[in-house]
Amino acid sequence: MISLGIDVGGTNIKVAAMNEKKELLEVFETTTDVEKGYGLFIRKISNIISDMRKKYKQKLAGCCFAIAGDVDSNNGVLRYAPNLSGWKNKYIKKDIENLSNLKCIVQNDANMAAWGCFIFDLKRKFKNVAVFTLGTGIGGGIILDGKLYCGSSSSAGEFGHMVINYRGEKCNCGNYGCLEAYCSTYSLKKNAIKKIKNLSDYIKKYSMEEKELSPKLLYNAALKGDPVALKLWSEYGVSLGTGIGNVILSFNPDRVVLCGGVSRAARFFMPYVKKRLCEFGIKAPIKFSKIIVSRHYNVGVMGAAAFVFEKR
């Protein structure tokens, strides 16, 4: 049997096909076309499902959506997704199952990244795991006793919106001092602009391709010893370390896993994460938890595909 993981972003949809041995058969992308409406999106997914049935000539075990947003995983409802043109209260599970006759699961994308890390990075060897997704925003997922923990309203794991400085920077969620206000892509860029004297010259100096400031550019700058980039990553590490420490004290996980695009810069911020963790007063859980970086670029969509077999 084959499962499908479907990672839905504001610009692109990523689809993964996986067999029962958890072997990844393929990953491909297509455009989300949010502006064309929810109805077209559902038909597009239904067509993909039909194509995959024909291609693999095997029974499909189901599909699992991983979506950045507020998801009711029990009922398969997307309550709200900021990157999906204000789509609210969309019954994805019911709509896909009615149109394609295929079992459908709807989950938050960070939860599926957490499941992917649990299955593919940790091989289920550790039962209590906290995962931070480091990208445009900061997401989180929790594995407790080997099971995904979603909470009473499917809202658990919002690590990016824990408050690390209650009088701090305003977050996009409207609150002040959230971890995301210090460790997201937009916060990195915002802090960099404050520190860089001539932005256009800086970009030209450290990138031949990119025309805008980005974490990748700041990573390249740090590789070349740029003091501004190194300072930015050190500040990032201190803030992230505060968030990780709070989660370790709350859940006492065996492992903390970092994934997402910004995690590739761990060599520059991880020393400051560890330094910040050493400042926590309660030492035992901090010493017990080990922090690793996921090895898998597609861990979210892989986790979604693997989760289908978990829920059969």
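**A serine and its helix contact**

Modeller: In this predicted model, Ser 100 has a relative accessibility of 8%, and because buried means under 20%, Ser 100 counts as buried. This serine belongs to helix α2, and its side chain reaches the backbone oxygen of Ile 96 at a distance of 2.7 Å. If we set aside the neighbours within four places in sequence, the residues in contact with Ser 100 are Ser 46, Ile 49 and Arg 53.

To see where those partners belong, we can turn to the pair of helices: α1 covers residues 38-56 and α2 covers residues 92-100, and their axes come within 10 Å of each other and cross at roughly 50 degrees. Angles of 65 to 115 degrees count as roughly perpendicular and those under 35 degrees as roughly parallel, so α1 is oblique to α2. The crossing of these two helices, α1 and α2, is right-handed.

On the α1 side, the contact is made by Tyr 38, Ile 42, Arg 43, Ile 45, Ser 46, Ile 49 and Arg 53, while α2 contributes Ile 92, Asp 95, Ile 96, Leu 99 and Ser 100.

Notes
Residues numbered from 1 in each chain as written. Predicted model: local features only at pLDDT ≥ 70, side-chain atom pairs only at ≥ 80, totals over all residues. Heavy atoms only, no water. Axes fitted to C-alpha atoms, helices over the stretch in contact; angles between N-to-C directions. Helix = DSSP H or I, 4+ residues; strand = E, 2+ residues; numbered from the N terminus. Parallel < 35°, antiparallel > 145°, perpendicular 65-115°, else oblique. Left-handed = near helix turned anticlockwise from the far one by under 90°. Contact = heavy atoms within 4.5 Å. Buried < 20%, exposed > 50% of the residue type's maximum accessible area, 1.4 Å probe, protein only. Polar contact = N/O pair within 3.5 Å; in protein donor to acceptor, adjacent residues only side chain to side chain.
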